[in-house]
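Here is a short briefing on aromatic rings and a surface patch. Please have a look at the model before reading on.

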Amino acid sequence: SLSPPFCCPHCRKRVSFEEYISCCSPCLHALVSRNHKGCDLMEQPTAWENQTNNHWVRKRTMGRKTSKKHAGVNTDHTVESVSGGNADDNNRSHKDKKTTHVPQTSFLRKQIDPETAKYFAEIANAIEGTEIDPEERSVICGNALEETRGKEAELATDYIISHTLQTLLEGCSLDHLCSFLQSCAKNFSHIAADRSGSHVVETALKSLSFQLQDNENHSLIEHALKKICKAIVVNPVDIMCNCHGSHVLRSLLCLFKGVPLEEFHSTKSSVGLAERLNLKAPHAKDNVSLQSVQIFPSLLKKFISEMLNAASEDISKLQMNQYSSLVLQTVLKLLAGNEQELLHLIRVLLGSSAGSANAGNLLEGITIRNILRLVEETAYSHLMEAILEFAPETLYNELLTKVFRKSLFRMSSHHCANFVVQALASHAKSQDHMDLIWEELGTKFRDLFEMGKSGVVVSVLAATQRLHSNEHECCQAIAAAVCTGDEFPKCIVPRILFLENFFCSRDKSNWSWPHGTKIHVVGSLILQSIFRLPSELIQVYVTSITSLEEHHVLEASKDPSGSRVIESFLNSNISGKQKRKLVAKLRGHFGELSVHPFGSFTVEKCFTTSNLNLRETIVSEMLPLQSELSKSKQGPYLLRKLDIDGFARQPDQWKLRQASQQSALKEFYATFGPKETKSFEKEESFLADTISKSKPGKLKDIRKEIETTLASAKTSNTPFLAHQVSKKVKRSKDEKKRHRKDGESESKRKKIKV
């Protein structure tokens, strides 16, 4: 019955609802833990139990947090590929949700006695939300953890008490922390595979990672970790294939390596995508953190070896399971740089039965058809991406030539296997590898676009750019895939910007710019990559983008992806005349773009590229919007960089400052810059069409001063900047002497007057 009095099922007292909450909370803890998902004694809760549980949870605010700040220990343990993101916008998890189910061994969790539950409720009230002296807090947490001895599994898997345990593990000493973990070793697999227990274990591991800063603690921590490892390798498959256990294992592996747990688990897919498209140096940050710190290297290798040996008969299960795939990806990443260990591990993961292999026959005994079939599965395709990323060159070469060669286009058309093709292109080691990939995919770009596999195209483009192989051919193939006939090359850029919209249209011959439609992200990435190539290879793209209508350029500048394309074009090594041709199309709209969240970046690039006349136009259009600019995010920066206040007060002086800055920059590049630099040539320079309109006398004087300074620097063998600094210092000293003399003469005059 939902009406009082309530009958407590443990003490058999008939009490009111409020009395039940305040007096019988230990009994409530037992009921909540009895109905825990991780327990095999599943009972259907009655209506009053649900009501009481919800009230208790709301009252104590014990809900699991799933914010980004706590991504390392979230409740759902979101499945994510460790190897990073992909350029393709096809999601494997939505199209293929098949995974291998691994039965979990049954675990009978004992019921928590009321006294224990009441004790931890009192501890929670004493330490949570109150300010306690750190030493006193450590003593309280240590004493409370001693009470868990022999009952670790029951308490850690209880939904409410597990929160209290997390607080205790964060505040206790290292001795109590290691003692708790050693006591958990017996039932570690069951605790780690539980929804609540996994958070307790991860909190303990996180607390251990903070203690690693002191080298004296390493032996004590290593002893506790060895005991946990021995418990895991007895049956590693269950914990690897569990959604919670997988996360715990990855945290444990990171702890062995000394890698920050949160940074490793919260790796964004955009980071991997940036590396694949040459937008970021590959593993620039990760390599430092993974190689500079070696906490327990021998323990890491031994644990991985024993874990794989124990799971050798279940490798096929580990290959197909999404959670075990994440563990194996983590292992590959942590072993980066250890070629021998990687070779052995990868051959095991690929299913090799040979005990050893000679150079050139590393994949001997592996069924190639089996690998080609497995890459069409979600979990295995993620694993194969990591294998290709970290495989030594000899193994990568055999995978490409013996396994995937002559199957690349078929794989590219599959919603999972196409990501493996992207990884093959992104991690190609030499021009020979790129030639093999280009041979199969170079003539299939239009087919790939029509199938929605544009990610394969952009990965191949980035690889050709990185290895300087088939760059021109790749640009021509992309242009031919989107535009042919009389409209060539005018239609190239618009169709790539709206790649999906164009190839989904029924009447492609009459397709036009779709107003109000967001620009395609992958199409934007393709154009950004193309505009980083030498200008002589991309003339058709230059012609196409400079042929855009004015309102099309304006619309693209306001789009988050389109503005990136405009900026990449203005940053390219294309002639200044072509750049200013595009900038001129935005005349009359610089004001509205400057207060736009995306257009403001375009305005900055336009100002940098423009000559004096265009710069004056940009600033004059922004001048009436000074108040709005000061309130926007990018506005204050633009106001300072473009010196809009200076232009409003003294336009002539502003023009002279702009001209002198560019003149000095031109002279500097002429003297110290590379010979091939063309951005400051006379016909393309900032002053080309304005020098005659400015005051020639002052500009000549400025130029003479720069020339004499450079000449004196050469004769004295003193660097230009050092010479300038010394000159300024000398001037400042002369000024101080002059002021001192003036002050002395002034004081003398005052004395005479007196």
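Which residues make a nonpolar surface patch of about 350 Å²? Leu 665, Phe 668, Tyr 669 and Phe 672 make this patch. The model is predicted, so local features need pLDDT of at least 70 and side-chain atom pairs count only at pLDDT 80 or more, while totals for chains, interfaces and linings use all residues. Residues are numbered from 1 along each chain as its sequence is written, and side-chain values use heavy atoms, with hydrogens and water left out.

**Surface patch**
- Nonpolar side chains (Val, Leu, Ile, Met, Phe, Trp, Tyr) are joined into a patch within 5 Å, if their residues have over 30% relative accessible area and no salt bridge.
- Leu 665 lies in helix 44 (residues 651-672).

**Aromatic pairs**
- The whole structure holds 10 aromatic pairs (ring centres within 6.5 Å, using the six-membered ring of Trp).
- Phe 498 and Trp 513 pair edge-to-face, because their ring centres are 4.9 Å apart and their planes stand at 75 degrees (edge-to-face means over 60).
- Phe 498 is buried at a relative accessible area of 1%, and Trp 513 is buried at 7% (buried means under 20%).
- Ring pairs join Phe 449, Phe 498, Phe 502, Phe 503, Trp 511 and Trp 513 into a cluster.

**Charges over rings**
- Lys 429 lies over the face of Tyr 396, 5.6 Å from the ring centre (NZ of Lys within 6 Å of the centre and within 35 degrees of the ring normal).
- Lys 444 has its charged end over the ring of Phe 409, at 5.1 Å from the centre.

Terms used: Rings of Phe, Tyr and Trp (its six-membered ring) pair if their centres lie within 6.5 Å; planes under 30 degrees apart count as stacked, over 60 as edge-to-face and the rest as tilted. Buried means under 20% relative accessible area, exposed over 50%, partly exposed in between (1.4 Å probe, protein chains only). Patches are made of residues with over 30% relative accessible area and no salt bridge: like charges are joined within 9 Å, nonpolar side chains (Val, Leu, Ile, Met, Phe, Trp, Tyr) within 5 Å. Accessible areas come from the Shrake-Rupley method with a 1.4 Å probe; for residues, only the protein chains shown count as cover. A salt bridge is a side-chain nitrogen of Lys or Arg within 4 Å of a carboxyl oxygen of Asp or Glu. Helices (H or I, at least four residues) and strands (E, at least two) are DSSP runs, numbered from the N terminus.
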